[in-house]
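Please open the model in your viewer and keep the selection tool at hand.

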Amino acid sequence: MTDPIGLNHCLYLGALLFVCGAVCMATKRNAIGVLMGVELVLNGANVNFVAFARFNPAFQMEGQMFALFVIVMAAAEAAVALAIVLNFYNNHMTVDVDTAEELKG
Amino acid sequence: MDINFHTFFFYLIAILTGICAIGVVVTRNIVRSAAWLLFTLAGTAGIFFLLNADFVGATQLLIYVGGTLVLVVFGVMLTAQGPFISMKTGAAEWVISTIVGIVLYSALTYSIFTSSLYFPNPPHADDPADSRNSVKLGMGFLGLGVGPEYHEPSDKVGATPPVRTSYLLPFEIVSVHLLVVLIGAAYLARAKRRRGGAS
Amino acid sequence: MEVVREHPGLLYVAATLLPLASFTLILLAGYARCALRPYRDSPTCEPIYIFFGGGAPGRVPSYFAIGAIGGAFILSVIGFAFFLQDHPIEWVSSTQHAAEGGEPQHAGAEHGVSIAVEERWQGSFVWAQARPGSEGFASTLKLGYRIDSLTVVMFLMVTFIATLIHLFSMGYMEEELQPTVEDHQVHTADGYLHRRGRYGRFFLFLSLFCFSMLNLVLADNLFQVFLSWELVGICSYLLIGFNYERRSASNAANKAFIVNRVGDAGFVIGLLIIWTYIGTFNFQEIFNKLPNLVETGQLPYWLLVAAGLGIFLGCVGKSAQFPLHVWLPDAMEGPTPVSALIHAATMVAAGVYLVGRVYPLFTPEARMVIAYTGAITLFVAATIAIVMTDIKKVLAYSTVSQLGYMMLALGVGGWVAGLFHLLTHAFFKALLFLGSGSVIYGCHHEQEMTKMGGLRSKMPITAYTMLTGVLAIAGIPLFSGWYSKDAILAQALAFGLAHKNHFLLFLLPLLTAGITAFYMFRMWFMTFTGKPRDEHVYEHAHETPWMMTVPLVLLAIGSVFVAWGFPPWQAHESFLGKHGGILHASEPGEELAKLHLADDALARSAEENHEFAGVLAIGVVGLGILFASLIYLYRVLDPEESKEQFPAVYRFLANKWYFDELYSAIVVRPALVVAGWLSAFDLRCLDGVLHTTSRFTVWVSWVSGRFDLGIIDGLVNVTARAIHAVGDRLRTVQTGYLRSYVLFLVLAAVGLFLLLSWFVSMAAAR
Amino acid sequence: MTDFLSSYTKFLSPYLGGNPAEVVIAVIVASVLVGFVAASAVFFIWLERKVSGRMQDRLGPTRVGGKFGWLQTIADGMKLLVKEDIIPGDADHMLFRLGPYIAFCGSFLAFLALPFGNNLVAMNMNIAVFFMLAVMSTEVFGIILAGYGSGSKWSLFGGMREAAQMVSYEVPMAICVLIPVIVAGTMNLNLIGQQQTGIIWNWYLFHDPFTFCAFWTYFTCATASCKRAPFDLAEAESELVAGFHTEYSGLRWSFFFMAEYGSMFAVSGIATLLFLGGWHTGLLPKQASNWLENDAGTTGFVLFSVLSVAVFIAKGWLLVFVMMWVRWTLPRLRIDQVMMTCLKYLLPISCMLLIGVSAWQVLPHGVLYYLDFIKYLGAFACVALVVLTIYRIFSTRSQLPASGAASIWNPTRPSPVVMAKKS
């Protein structure tokens, strides 16, 4: 607690967000919940990027650039994922991802 | 104890963000989950502001909170029909997922910790004015070199002027990508007549 | 503008390309329409479909075509003005130049121009090269243009007549504008044939034809001429077969095409000889090299004769000379404007034009062949024309006959006279054909003169304009035909006087001049005077719309004045044909002189005998007119009676001298028999070999198939079964639950991170 | 947070000094802003009532608090405070409670970056205008949550419409904001305000034809993004009872209204700063303004600051008044028309304007020199129009019959207007 805020603090936060996202993806049966998990994971990554940008002069630009690109990609991914979810809903009348098991081995 | 406002607010926001993130996972109701996610994202934006990434933070608010999340909630509302709002996950799955999550988090913190032991924090310039770099971001997007200098490997030193990274091409690629995604999503989500719907 | 001032010849190139542009536009629009027709009901395609003409034919193609050819005419006029600036032509000359002998002033028109001026009127580019980079002997095919006075005059003539005929066609082809045209001459199971109107297609072909003809005239080399020659041929084929549902039309088109092939075979032989021995197709280069080659014997004399005769054979086919004249009368199956444009005024003249172009190639022997061919043709055709009752057939045979005159003139050394007649003939023959078209249109597609009569009052403009044409073709003084025909007769007389044993070459055309007058007046009297023979036709006859009469009037004016000189009553003073006139300027006198073919004595003799020949001709013509009026106007003699009195002669003439039967017997039937033999050989021998081979192949494939199934497939199947077994065991891993995959993923990530940390710590510890 | 407040600490540190000062200043600034938002909401609600009353030929509130019903809103507020706090049984309690606060926070946060005068800003951000757009975009989330959490179909419909509308209108609005940003070369609102010092034609409204058009486009989008009429589909009374706040009452309901009026002023403030010269009167030449601020001593500075704030707030209020004017003038659109207006008209228009203004920026200097007169032309035309309008208003009033406008609608007497038409 007494250290000045450094890279590691941010990395711990990013890791937490990442793990929460992963667990969210693994536990939610609602397709949109899975999507939220993905967003969390991406946010964890973003925190890391921005933290590197802040604390490592070599990445001062790259970190923020990558964060921006990740945000944009997340928006695109959310749009496509939602479209897929809507299609899924049209076909299965539910958004429970466990019903999508037609491809099981 | 040398707690200044920066440190204080960082801890405050980070802890709140973490709690909200856990809230996203444990809440059963998907809309409430989205509300928690909103706070998580807003907290992340706050962290970005604290890390002197104003532009990224504002972008996070504008695109994530104002765009993506609204879209997600919109999707929830379009697909919400009573029982689907909270779909129960089995206890066993909870246990497994939690264990795996904790293991993963331990692994991550362990690797962060070990790497920080061997690679200590690089020195960072703490001048706020230096880090307010929305202008540099914009220049990077416009194709003006803003990154670190890079010298072409050459026999003669100084034969070519140093190259600086610029982001015009990725920017364009992302733009086109967004356009394609827009069209694709509109195509996927368009109202379709069901096959044989007449019967 | 500057380019035009420096290279005015490009005006003619532009004039040539304009109809091509029109052709391309109409063609593309047609393609677009065909492509869009399946989608014409869709709202997006419908406007485009309608823009390109839609379902019903519209007038737009004719506007393009007439605009193109009219533009070409205007360009030709401008080009003519430029040409006169560079090549001073004397309008009012006198005979004393010729009398003084030596090279008179008019030669200056040809030789006085500087090199720079020559350059201005020609140009070319390489089209194909056998050995790239080497521009030498027999290696380079060029496309180019060279404008001399003949080209200029031909351009004016062709574009002027073609413009008027386009205009006429707009009226004549009116009924092709209907979405459904009923063809009364074609019977199908459901009655008359119904087809779509082909207005646009007609103008498409006309444009292509105009381009080809102009390109032929423009060309500075034989190769380009040959290309255009074939294009003109295909246009003729397409237009004769315009109503291709009619058996007669499609047969006529085939006949024209095949007969022309015979001629073109000769043409190709001539081309090959020139290419092999002279190594170039450019006219100027050929003429420049020729004297040297002949003198040194590098080009054997008999080959030169053969080359000339070969090219002349092509011209015989194109210009419908004996013995290849049989296609032209049948070609009257095409629409009348086509007959006027192609089979009277321009295309058939291409043969004569080409003979004029390559004139120095013809040795005296070849010229004699030309002269006799012309003489026979003109006589045979004229005799047949006497008994024809179809108005267009009469004109067709008269065309053949007149073309014979031109050939004759060329053969007896009257270069100017032949081409002069070509020009004047174009005017009055176009007039006559358009007039006949007008009559046919006015009589609702009735072509038999035996059903006409007394139409003068019903269609006065047509009648009197046609009378002008008849007077012109008959050679009445002050009408254009008089000047040219007199020139020919004078030349023939001079030739006959010089070579007494060929005096027939004067007698035949002289006699035929009378016959010509006879049958032309017969036609006019039968059509326009007397009592109507068929009340039904007479009742429904009417004057044609302005689009058709205006060209008639213009052409009538042209057929009167086109050959005038000063003073007009002196036949040899016509500015077109006089010694030193505009045509004379491009007579290849110098080239002929180099080849020792020029005959100044003959030319002088022709000058001197001009008046004598003219007087004789007028007498014969007067006789012909007298007979015609006695029989058909005043009914003093009954034509039916004479028919019965000389049945053999009548049958001989009415069956066109049995040419078709002759060709059928000696060419067509043997060909069919030989084809039957070949077919039998093909079926029995060749197919037998083929069948044996195929049976062998089938057996080999069967063996190979067994091998394939048994051994190769066996191996493959074993592999596949093994893989299947493995996959069957492995597939249980794939549960189908998305979330379990995520868990696997996370576990893998954990492993990865632990591994990474371990590596890092190891690396750091070292 | 130190960074956020750096400009203020630099200004005030000699007096307060150290960290405690930062806390105090932060608290003071936040209170002032909240107070301002609340006060202006109170004023706007009163103004809305008066304006609508006048426009509908009524008097509006007249009694509470004296002559013009000054205290009507205060009284209403008291009533709302003491009302029973009802949460419907089907509602999702947490989301129902959360909605109003998120909406209000989004609206209020925008004021952090809004300069009221030169350097009179809570947080002098480099990306101020972007920040404002970003935080205002979070307001929609509160409304969606409220609509969903109410457990009522009217509310749900209202929330859905709001979501669709806001997300769509954000795009042309952001593009229109970019247009003056391109001209100014910065997103810092304070700098943008400073650049428009001087006479009226220095305002970016008149900079070139594209910014001129961009102002109207922006204002239309802003009206829609505040869900004001004619774009108030989220609370369309005729269709959805009261839209997303059907189930709300009491304090929570008033939070929504605070948020709405707050964001109205915020977007008006952005419009003022980007196009209408910010805190500048438009009458003082540049030199005079600079002299007053920098060289006229403390008195001049204070005078200048007070004048700046007054002018800025007046301009903002004027724009808010225009929004009310529009609300009571135009009928409400249908939801499909709303979306069509955005996607088929405003979006292409704003894109064209963006391209146009970019092209204008890269015009050669020589050409720009000759095109410069456009700003004088536009400014004079606009001023002339305003003057003409005011003149017409007064001249029209003098032509009204002495019995007042009400008599026109009195059915018992023949209408003078109709009579005038007949004659």
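Axes here are lines fitted to C-alpha atoms, for helices over the stretch in contact, and angles run from 0 to 180 degrees between N-to-C directions. Helices (H or I, at least four residues) and strands (E, at least two) are DSSP runs, numbered from the N terminus. The model is predicted, so that local features need pLDDT of at least 70 and side-chain atom pairs count only at pLDDT 80 or more, while totals for chains, interfaces and linings use all residues. Residues are numbered from 1 along each chain as its sequence is written, and chains are lettered from A and ligands numbered from 1 in the order in which they are written.

**The helix pair**

Select helix H3 (residues 60–92) of chain A together with H3(B): the two pack at an angle of about 5°, with their axes 10 Å apart. Because angles under 35 degrees count as roughly parallel, H3(A) and H3(B) are roughly parallel to each other. Residues are in contact if their C-beta atoms, placed from the backbone, lie within 7 Å; by that criterion the residues of H3(A) that meet H3(B) include Gln64(A), Ile71(A), Leu82(A) and Tyr89(A), and those on the side of H3(B) include Val56(B), Ile63(B), Leu71(B) and Thr79(B). The residues of this helix contact divide into 17 nonpolar, seven polar and no charged, where Ala, Val, Leu, Ile, Met, Phe, Trp, Tyr, Cys and Pro count as nonpolar, Asp, Glu, Lys and Arg as charged, and the others, Gly among them, as polar.

**The contacts of chain A**

Turn next to chain C, where 12 residues are in contact with 12 residues of chain A. Helix H1 (residues 7–27) of chain A gives four residues, the largest share of the side of chain A that touches chain C.

**Inside chain C**

Select Val355(C), which touches Phe312(C), Cys315(C), Ile370(C), Met407(C) and Leu410(C), not counting residues up to four places away in sequence.

Technical notes:
Two residues are in contact if their C-beta atoms, placed from the backbone, lie within 7 Å. Angles under 35 degrees count as roughly parallel, over 145 as roughly antiparallel, 65 to 115 as roughly perpendicular and the rest as oblique.
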